Amino acid sequence: MINENEITVLDMFSGAGGLSEGFFRNGFKFVAHIEKDKYASKTLETRALYHALKNNNMLDTYYGYLKGELSRNQLFENTEEFSNEISSSIFNIEISKKTEKLLVEQIQERMINHDVPKIDVMIGGPPCQAYSFVGRSRDPDGMINDPRNYLYHHYLSFLKAFKPDFFIFENVPGIFTAKNGTVFNDMIKSIKKMGYVTENKILDAADFFVLQKRKRVILMGWISGNGYKYPDFTRAEHSFFVENLLEDLPSLHPGEGSEGVQEYIKPPSQYLIESGIRDEKDVLIQHHARKHNEQDREIYRHTIKIWGKEKRRIKYSELPEKLKTHENQESFEDRFKVVAGDHSCAHTVVAHISKDGHYYIHPDINQARSLTVREVARIQSFPDNYKFEGPRTSRYAQIGNAVPPLMAEAISMEIRKMF
């Protein structure tokens, strides 16, 4: 049952749980999560169990799973007092016209069964590919006919059905201009008709102690007259660099490493400690480098060398002729990019990293490879004890689509203060 002092949350388009993680950390109580991808749902399920075990001083069982001492089935079987309830709260279903009504009814039934009188907060944001500038540039029609343009309608339907006191809608800045601005304007008009006051800002994850430039539209809304407002956030000042995220991880050549447990090569940096990314209990997992052919590695070395000497990104047309394999050089101008270890922020991680790693090259020329799942997760501020389920391509996509947990934690903390 839900305690009357707990703040209830409905999480839509949950992904692997980056936004959820911030709310878990600040003690919000999730009534339900909805996510269509089966691997992201499993990741979220595993993470929700982590928080349940943490709250009950049972993390040794969870770490047994990370260390390979327990299978995932054994982890859930050994913790059935928590895992059964968690599994039933995660709806691995695509939200559509066919499923929308059924989902609403099932969540309402959960609320009745768990004595939940109302949803206090609703969070989430539909997949952003149709709104992103990159997605539109790759589509011949500029994504104008992509059905994902209209996924926000489902968010509005749930907003109308559950009438939370407060909501957060997260997406990419491209949503402002999607379909010539009609998507965002229509959404705001519809929300206001429901009695909500809204305000939106473009927030950068780099301002929330995340070592990554990542701008996102964070739209917030609240029932008119309830006294809430858009929080004021103080920019996190620090003197850390991206290399502080990577320096304790073993050096790998392509194909080396392991999905299982490895040893760290040095104690955690001060950044890893202050950010909570690594603590004394943690074990290193999912640090396994992709394989690369020798030509790609040569391009990586060339790109790293230019960055080290001139601090600039090279264009595909600048590569030595022997390294060029594409006739259409204009489409590949910005294809290879080094993660700047000597900067305070890495460039934005996106889901395309699941297809290849050319845009996320490790800064160490001796390794000449793309980033591992664990390295990318750290750039997104996921802690080392956050295990991503599914095949490696899915893990990369889950991380690339996520809201950085440190950013989510700061946002949820301000919302908790208001409540």
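**Figure 1. Surroundings of Tyr-360 in the predicted model.** The backbone oxygen of Thr-348 lies 2.7 Å from a polar atom of the Tyr-360 side chain, in a model that is predicted. Tyr-360 itself sits in the loop between α12 (294–310) and α13, and this residue counts as buried because its relative accessible area is 2%, where the cut-off for buried is under 20%. Leaving aside neighbours within four places in sequence, the residues in contact with Tyr-360 are Lys-337, Val-339, His-347, Thr-348, Val-349, Val-350, Ile-353, Arg-369, Ser-370 and Leu-371. For orientation along the chain, Pro-267 is 93 residues from Tyr-360 in sequence, and the C-alpha atoms of these two residues are 25 Å apart in space.

Figure 2. His-287 belongs to strand β9, which covers residues 287–288, and it is classed as buried because its relative accessibility is 0%.

**Figure 3. Gln-380 in the loop between α13 and α14.** The loop that holds Gln-380 runs between α13 (373–379) and α14 (392–400). With a relative accessibility of 0%, Gln-380 is counted as buried. Apart from neighbours within four places in sequence, Gln-380 is in contact with Val-210, Gln-212, Arg-214, Val-349, Ile-399, Gly-400, Ala-402, Pro-404 and Pro-405. Glu-294 is 86 residues away from Gln-380 in sequence, and the separation in space, C-alpha to C-alpha, is 29 Å.

**Figure 4. The contact between domain 1 and domain 2.** The protein chain is divided into domain 1, made up of 8–233 + 403–417, and domain 2, which spans 242–399; the centres of these domains, taken over C-alpha atoms, are separated by 27 Å. In the region where they meet, 33 residues of domain 1 are in contact with 32 residues of domain 2, and the two domains bury about 2800 Å² between them, with 57% of that area on carbon and sulfur atoms. Tyr-63, Leu-66 and Leu-211 together supply 24% of the area that domain 1 buries against domain 2, which is more than any other three residues.

**Figure 5. Polar and charged pairs across the domain boundary, and the elements of domain 1 that take part.** Between domain 1 and domain 2 the count is 1 salt bridge, alongside 21 residue pairs in polar contact, with both residues at pLDDT 80 or more. On the side of domain 1 that touches domain 2, at least two residues are supplied by each of α1 (18–25), α2 (38–55), α3 (59–66) and α15 (405–418), and α2 gives the largest share, namely 7 residues. Sorted by class, this side of domain 1 has 17 nonpolar, 5 polar and 11 charged residues. In a further close-up of a charged pair, Arg-72 forms a salt bridge with Glu-389, and the closest N and O atoms of this pair are 3.3 Å apart.

**Figure 6. Helix α1 and the elements that cover it.** Helix α1 is mostly covered, 7 of its 8 residues being buried; these are Gly-18, Leu-19, Ser-20, Glu-21, Gly-22, Phe-23 and Phe-24. The cover over the buried residues of α1 includes the strands β1 (8–12), β2 (29–34), β4 (121–124) and β5 (166–171), together with the helices α2 and α15. Just after α1, Gly-27 adopts a positive phi of about 80 degrees.

**Figure 7. Helix α3 and the elements that cover it.** In α3, which is likewise described as mostly covered, 6 of its 8 residues are buried, and the residues concerned are Leu-59, Tyr-62, Tyr-63, Gly-64, Tyr-65 and Leu-66. Both α2 and α4 (72–78) are among the elements that cover the buried residues of α3. A glycine with positive phi is found just after this helix, where Gly-68 has a value of about 85 degrees.

Definitions and conventions: Residues numbered from 1 in each chain as written. Predicted model: local features only at pLDDT ≥ 70, side-chain atom pairs only at ≥ 80, totals over all residues. Heavy atoms only, no water. Domains from an automatic or database assignment. Contact = heavy atoms within 4.5 Å. Buried area = accessible area lost by both parts, 1.4 Å probe. Salt bridge = Lys/Arg side-chain N within 4 Å of Asp/Glu carboxyl O. Polar contact = N/O pair within 3.5 Å; in protein donor to acceptor, adjacent residues only side chain to side chain. Helix = DSSP H or I, 4+ residues; strand = E, 2+ residues; numbered from the N terminus. Nonpolar A, V, L, I, M, F, W, Y, C, P; charged D, E, K, R; others polar. Buried < 20%, exposed > 50% of the residue type's maximum accessible area, 1.4 Å probe, protein only.
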